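Here's a quick tour of a structure, with an eye on how its parts pack together. Have a look at it first, then read on.

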Amino acid sequence: MAQPLYTVNSLSLVIHLLVLLVLKISDTLKKLEHYIHHHIGHSPS
Amino acid sequence: MANRLRNPIAVIIPAHNEAAIIHTTIKQLLHYLPRHQIYVVDDGSSDGTASIAQKLVPHVISHAKNMGKGAAINTAIKRWRLLQKYPYIMPLDADTTISPNFFPAILAFFDQDIHQNFACANGRVVAYQKNWITAYRMWEYEIGQTIHKAAQSILGGIVVSPGCATVYRSSVFRQFKFPTHSLAEDMDLTFTIHRRHLGKIGFISQAEVITQDPSTLIDFIHQVDRWYTGLWQNICKHNLPWEGQMLDFEIALLATEALFSGFLYLCLIVLLPLSFSIDIRLFIIPLAIDICFFILPTLIYTSIRRRVKRMIIYLGHFYLLRTLSSLIFIKCFFKVMFDQQPAFGWFSPRRYQLI
């Protein structure tokens with residue numbers, strides 16, 4: 001059995017898409033925070 | 001071949017009347033694995049499946065009578081003591097073709113899992129394209145895995161590890177046997193892994209396998225009927241969705257929505273003859289929204305990703321199959337809820353040679 005249950009419907013598609021989007025944004029923000037901390041946070045100025 | 005694996009994975013091919021395809025499957029698999037790592041269990045075939053396999057690999061055994069896929073896998077594990085010899089076990093359907101990247105990607109994933117948090121790793125299933133019915137399945141797989149499964153993987157709620165694309169740690173089978181007496185053994189095993197907290201389930205998107213899906217409407221109906229019956233059997237067996245795991249949430253969401261859609265389609269079919277007497281916009285507006293915001297974008301995505309240009313012209317066909325699937329979903333719900341006769345056995349759609 002594979003995944004035929006999923007795409008019969010669109011509400012679950014939207015919910016899972018939103019989950020991916022939120023996780024992607026969260027991941028990007030973490031990377032940005034990391035970058036700022038290591039590059040700008042330690043700037044001599 | 002230089003890229004053949006040395007030892008880590010045993011591939012078990014359970015087969016029932018697969019003479020048309022088993023030769024191609026094994027020959028292709030031999031590009032990536034030495035022959036002694038491939039184990040074939042002929043489950044009471046009457047078409048010479050075993051003799052074809054014996055010409056290609058040394059480990060072939062036959063059941064005198066048909067006992068089912070789960071029983072065939074358990075026979076291989078016991079007969080050749082695979083749990084003592086290999087850290088990883090992969091059951092492989094006789095109709096499945098492995099992509100060159102499959103084993104390297106899966107093994108790299110397990111190598112990174114130093115603390116052995118993962119019980120198994122799923123690859124991505126791709127449907128072989130033949131006609132409008134296989135195109136529908138290709139679209140379902142593509143969207144189901146790119147969006148649903150990717151999200152489930154992060155949340156820890158993968159609902160099915162496909163029987164044709166999953167590599168398990170041997171430790172999983174030390175604790176219990178591969179499920180038998182189920183129409184969806186792989187889903188049964190996935191639910192068991194969640195329920196017994198045996199480990200996480202990984203999804204490795206770049207590890208692809210290609211499967212042969214039904215190319216006729218009758219085979220399509222039989223396969224969907226089997227899958228959905230298996231789903232409802234497993235929902236009852238594992239007490240879903242009442243135990244508070246992410247799996248329960250996923251199944252509750254997917255099954256409730258699918259039931260709702262099924263009843264909606266049923267109502268629409270019943271009301272269709274009345275559509276001339278009521279406002280036609282009641283039908284047209286939801287349909288237009290569905291096409292513009294769901295069907296078309298996902299079809300275009302799949303069409304580009306899998307390079308199947310004709311997919312767009314199958315739009316109408318897809319609505320037919322989608323409606324059919326929804327109605328079968330309801331039928332299976334009532335069948336399992338009101339008829340407790342356990343059903344299991346093999347289903348193989350008509351096979352075709354890959355080009």
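How many Å separate the centres of domain 1 of chain B and domain 2 of chain B, taken over C-alpha atoms? The answer is 25 Å.

## Ground rules

This is a predicted model, where local features need pLDDT of at least 70, side-chain atom pairs count only at pLDDT 80 or more, and totals for chains, interfaces and linings use all residues. Residues are numbered from 1 along each chain as its sequence is written, chains are lettered from A and ligands numbered from 1 in the order in which they are written, and side-chain values use heavy atoms, with hydrogens and water left out.

## Two domains in chain B

Chain B splits into domain 1 (7-94) and domain 2 (98-355), with bounds that come from an automatic or database domain assignment. Domain 1 puts 33 residues into the contact and domain 2 puts in 29 (contact means heavy atoms within 4.5 Å).

Together the two domains of chain B bury about 2,700 Å², with 64% of that on carbon and sulfur atoms. Buried area here is the accessible area (1.4 Å probe) that two parts lose on being put together, summed over both.

## The nonpolar core

The largest nonpolar core has 83 residues, and Ile13(B) and Phe103(B) touch the most other members. Such a core is a set of buried (under 20% relative accessible area, 1.4 Å probe, protein chains only) Ala, Val, Leu, Ile, Met, Phe, Trp, Tyr and Cys residues joined through side-chain atoms within 4.5 Å. Both domain 1 and domain 2 of chain B give residues to this core, so it lies between them. Apart from it there's another core of 26 residues, including Ala10(B) and Phe203(B).

## Where chain A meets chain B

Chain A brings 19 residues to the contact and chain B brings 38. About 2,800 Å² is buried between these chains, 71% of it from carbon and sulfur atoms.

Conventions. Buried < 20%, exposed > 50% of the residue type's maximum accessible area, 1.4 Å probe, protein only.
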